[in-house]
Every structure is written in C-alpha cells, then in structure tokens.
Amino acid sequence: MILADKLIELRKQHGWSQEELAEKIGISRQSVSKWESGTSIPDLDKVLKLSQIFGVTTDYLIKDEIEELTPEQSVEMEDDLKNAKTITLDIANEFLNVTPPAAAGIGKGIAFCIFGPAIFMYTMALAEGGMLSEKIGGAVGTGILLVLIAIGVAVVITSAMKISKYEYIEKEPIRLDYGVSGIVQKRRDEFEGTFRKCIAYGVGLCIASCIPLIVVGGILESDVGTVLCVGILLTCVAIAVYMFVWAGVIRGSFDKLLQEGDYTVENKKLEEKTKFFPGIYWCGITAIYLAISFISNSWERSWIVWPVAAVAFVAIHAFLKHIARKVTIK
C-alpha cells in the first residue's frame, strides 16, 4: 500500500472529510486531495503531523510494502546504489509525461517502415491486374517504399531524442526519492488496462490479417488477390506494431523507474555488455530482407523474414545475456 492509499484509509477510519483533515493540519483541502490522488507528496514536517493525528508511525506512512531482502542482498544492493542518481518526483513526472508522445512517434516510425512494403504490394497488385505496367508499378512501389522507410527512420530517431536525456534511467542504477515509488506504481496500475488492451487487439489484428491471404491465396489461387492480401496483411501488422510499441514503451517507462522486469540493476549490467547486438542485428536483417526481395522479386513471400527475425532476436539476445551473466559470475 502506498502513502496516498494509506491516507485515504486512515482518514475514512477516523470518519473525517478532506476538509476536516486539512483543518487539523493547517493546510488547504486541495493539498490533501493532491496527496490522496498521488499527484504530490507531503513534506516531512507534514508527515510528522499526520503520524501524530492518526496515531501511527512515520515509517508506516512513508514506507511502501516491499519484499524483505537477505543480508547478502542488502549489501549487494547498497553497493549497486552507492553512486546511483536520485530521481525526484519532478524528474519522474517529467520522464513519464514526455514518454507517451515519444512512444507514439517511435511506433509511427516503425509502422512506416512496415507500411512501405505494403504500398509496394498494392502497386504490384495494380500491375498484376493490368492497371499499371509491371515496370511502372515496380518503380513507383519501390520509390514509395524507400521514402516511407526514410521517413520512418527519421521519425524514430527524432522521437527517441525526446527521451534521450533520460537514458541513464534505463542504463544506470537509480534511487527513487521519498514517496516517488508509490506514485509511479499508482500510475502504472492505472495504465495496465490500456496496455493489456493494446497487446490483445494487436495480436488479434495480426491473426485476422492472415485470413484473407489464406482464403484468396490458398483457396481461390488468385495471383492478384494474393499480392493484394499480402499488402493488407502488412498494413494490419504495421497498425499492430504501432500498438505494441506505443503501449510497450510507456509500460517500460514505469518499469525503468521502479527497476523491475527487464530493468533491474542486474539486467542493466547485462544490457551494457550486450548493447552492441540490437543495432547490428536489425541492420543486418533489413539488408537481408531488401536483398532477398529485390533479387527474387518475391515481395509476397519475403515478409516472412520479419516474424522469423523477431523470434530469433529474442532467443539470441537471451543467449548473449546468459553468456554475459556466466562471465560476470566467474
């Protein structure tokens, strides 16, 4: 239970309204409302007054419920956090407020890169249907493909730069200031429903996008229809990826501050040792995808490179972390 929830519970136990509690402390009702909503934290002198009024210890009020650590874990954590940067409430709110628009930009940029091949498939479908010559369809589609990829990469870079000043939160050990942990947890809990919906809808969209391709390509055996359905599939995947990235980046911002999930102190050390891998890997996959597609001219099949590459990335990255962990232990 966090401070905000404890204040609400204690106030209701005593049968006081926010106005009555504010009067006892000598502050405005709006201040009490902000404490209970988790948008601000009472000063330490106000915490002392609250402990006296409610008859509880200050430790009970300000300490969130956390897992007890063994002496060895406590010593290790103390060493890790000795030189850690302290994150104040203002910094945490800044980071959490700038992340959603940056996440939207990164999601759009990646979606553009996927939507480029979809446009290429649409132009090739027009060529297959006789509305365009194959030469013109290929030239127009390739041109739009490269433009959208260029725009996508630019959007990803500019969006990522918006949160680059907070890169240390992801990569270095941090220490949250008094009360910040509870507020971050509260905001994460509020976002959890949206996160789950985005993942569920995205997965559903990816599955549904395969149905037209199976029906048209496998049953009706229409070349024009197959190419068109691949374009539809890639369009749906682009939308789904946007949802995954947007929700995932925002959800990750909470984990980064709380140093949970992929952002524990141990994982930060491992990421530092394997940070070279993602950039090299995805640049290589992009080159392989374009090479296969242009050489074989099989854009309707070469898209399979991306889901295979995504699964392989997770496995290879996990293996590299395992190796790095074994080296660290030795």
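Me: Glutamine 259: buried or exposed?

Reply: Glutamine 259 counts as buried, at 16% relative accessibility. The cut-offs are under 20% relative accessible area for buried, over 50% for exposed, and partly exposed in between, with a 1.4 Å probe and protein chains only. This is a predicted model: local features need pLDDT of at least 70 and side-chain atom pairs count only at pLDDT 80 or more, while totals for chains, interfaces and linings use all residues. Residues are numbered from 1 along each chain as its sequence is written, and side-chain values use heavy atoms, with hydrogens and water left out.

Me: Where is glutamine 259 placed, and what is its phi?

Reply: Glutamine 259 sits in the loop between α11 and α12 (265-274). Its phi is near 55°, a positive value in a residue other than glycine. Most residues other than glycine have a negative phi.

Me: How many helices and strands does the protein have?

Reply: The protein has 15 helices and 2 strands. Both are DSSP runs numbered from the N terminus: helices are H or I with at least four residues, and strands are E with at least two.

Me: At what angle do α7 and α11 cross?

Reply: Helix α7 (residues 89-128) and helix α11 (residues 223-258) cross at roughly 170°, and their axes come within 8 Å. Axes are lines fitted to C-alpha atoms, for helices over the stretch in contact, and angles run from 0 to 180 degrees between N-to-C directions. The pair α7 and α11 is therefore roughly antiparallel. Angles over 145 degrees count as roughly antiparallel, under 35 as roughly parallel, 65 to 115 as roughly perpendicular, and the rest as oblique.

Me: What classes of residue make up the contact of α7 with α11?

Reply: That contact has 33 nonpolar, 5 polar and 4 charged residues. Here Ala, Val, Leu, Ile, Met, Phe, Trp, Tyr, Cys and Pro count as nonpolar, Asp, Glu, Lys and Arg as charged, and the others, Gly among them, as polar.

Me: How do α7 and α8 pack?

Reply: Helix α8 (residues 134-162) packs with α7 at an angle of about 175°, the axes being 8 Å apart. That makes α7 roughly antiparallel to α8. The contact of α7 with α8 comprises 22 nonpolar, 10 polar and 2 charged residues.

Me: Back to α11. Which residues does tyrosine 242 touch?

Reply: Tyrosine 242 lies in helix α11 and is partly exposed, at 26% relative accessibility. Leaving aside neighbours within four places in sequence, tyrosine 242 is in contact (heavy atoms within 4.5 Å) with Ala104, Gly107, Lys108 and Ala111. The C-alpha atoms of tyrosine 242 and phenylalanine 112 are separated by 9.3 Å, although the two residues are 130 apart along the chain.

Me: Which residues touch the most other members of the largest nonpolar core?

Reply: Leu50, Ile169 and Leu257 do, in a core of 37 residues. Such a core is a set of buried Ala, Val, Leu, Ile, Met, Phe, Trp, Tyr and Cys residues joined through side-chain atoms within 4.5 Å. Among the helices that each supply at least two residues of this core are α1 (3-13), α4 (44-54), α7 and α11. Apart from this core lies another, of 12 residues, including Ala125 and Val227.

Me: What does leucine 50 contact?

Reply: Beyond its neighbours within four places in sequence, leucine 50 is in contact with Leu7, Leu21, Ile25, Trp35, Pro42 and Leu61.

Me: Valine 216: buried or exposed?

Reply: Valine 216 is buried, with a relative accessible area of 17%, and is found in helix α10. Valine 215 is also in helix α10, but that residue is partly exposed, at 34%.
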